[in-house]
Amino acid sequence: MLLAYRLALASPRITARGIEASEFAVDADRHGVHAVPAIVVDDRYAWAGAVPEAAFVERVLEAAGT
Amino acid sequence: MTLGEREQEAIRSVFAGLERDVEVTLELGPTATPVTLLAAGGREIDSNGLAREIVEAVCALSGRVTLTLVEHDEPGPWPRTVIGAGLEYLGMPAGYELTTLVHGILEAGREGPSLTEASLARLETLEQDVTVDVFVTPT
């Protein structure tokens, strides 16, 4: 979660939001979230699991189509 | 007491690293569906009330952190905590996510980004706006 926040603070193009999956179960189900942390980029499921900073950045860029 | 003495001391220690003031906004209101949590034995819980207790207790631990409460009448994605210019957290910042709240405030209170130069250079290539949602659980 903190990596997503760091990206948002570093880039004005990125918005980061943490969502408690059990309180917002409808949203979690809609995205097919079965494990946490689960990352959803631009409303599309991207991946689950913690990754190092460089990989996190690359995956966000890839999911965003950059 | 929402936070124990040791938790309060640990959070004060983290907040000692704040380099600038941070505004936190907690939005509360009716939820569309009742909230039940396995961690609460499957009972319905007052997520707004618990979120308010936690966020108020955390924000009170530093003079650099100010808290604004907003009460909504319409159902929505509440409780929602907004840290600084736009870091958001939907739900109760309890359990492991207490750390997210505390360190989110710390990150927003830094004078500059805390990513590596390589990461910053890669982010410069972004040509469109991107929303990153991270689903988490408190346990």
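This is a predicted model: local features need pLDDT of at least 70, side-chain atom pairs count only at pLDDT 80 or more; totals for chains, interfaces and linings use all residues.

**Entry 1: salt bridges.** Between chain A and chain B I find four salt bridges. Over all chains, the structure holds 13 salt bridges. I then looked up two of the inter-chain pairs. One of them links the side chains of B:D133 and A:R17, with 3.0 Å from N to O. This pair joins two chains, because B:D133 belongs to strand β7 of chain B whereas A:R17 belongs to strand β1 of chain A. In the other, the side chain of A:R6 meets that of B:E107, again at 3.0 Å from N to O.

Entry 2: Which elements of chain A each supply at least two residues of the side that touches chain B? I list α1 (2-10), β1 (14-20), α2 (25-30), β2 (38-41) and α3 (53-63). The largest share comes from α1(A), with nine residues. By residue class, the side of chain A that touches chain B divides into 27 nonpolar, six polar and nine charged residues.

**Entry 3: extent of the interface.** I looked up the contact counts: 42 residues of chain A are in contact with 41 residues of chain B. The two chains bury about 4,200 Å² between them, and carbon and sulfur atoms account for 61% of this area. Which residues of chain A lose the most area to chain B? They are A:R13, A:R17 and A:E23, which together make up 18% of what that side buries. I note that A:R17 is also the partner of B:D133 in the salt bridge recorded above.

Entry 4: I checked the strands at the interface. β2(A) pairs with strand β7 (residues 130-136) of chain B in the antiparallel sense, over four bridges. Within this pairing I located A:I39, which stands opposite B:V134 in β7(B). Strand β7 of chain B also holds B:D133.

**Entry 5: backbone geometry.** I recorded two cis peptide bonds. The bond from A:V36 to A:P37 is cis, with omega near -5°, and A:P37 sits in the loop between α2 and β2 of chain A. In chain B, the bond from B:W78 to B:P79 is cis as well, with omega near -5°; I place B:P79 in the loop between β4 (65-71) and β5 (80-83). I also noted A:D42, which is not a glycine but has a positive phi of about 50°. A:D42 lies in the loop between β2 and β3 (44-48) of chain A. For context, most residues other than glycine have a negative phi, and most peptide bonds are trans.

**Entry 6: confidence in chain B.** Chain B averages 91, and 90% of the residues score at least 70. Where in chain B is confidence lowest, and where is it highest? Strand β2 (residues 36-37) is lowest, at a mean of 58, and helix α4 (residues 117-123) is highest, at 98.

Definitions and conventions: Residues are numbered from 1 along each chain as its sequence is written. Chains are lettered from A and ligands numbered from 1 in the order in which they are written. Side-chain values use heavy atoms; hydrogens and water are left out. Contact means heavy atoms within 4.5 Å. Buried area is the accessible area (1.4 Å probe) that two parts lose on being put together, summed over both. Ala, Val, Leu, Ile, Met, Phe, Trp, Tyr, Cys and Pro count as nonpolar, Asp, Glu, Lys and Arg as charged, and the others, Gly among them, as polar. Two strands pair if DSSP finds at least two bridges between them. pLDDT is the predictor's confidence in each residue, from 0 to 100.
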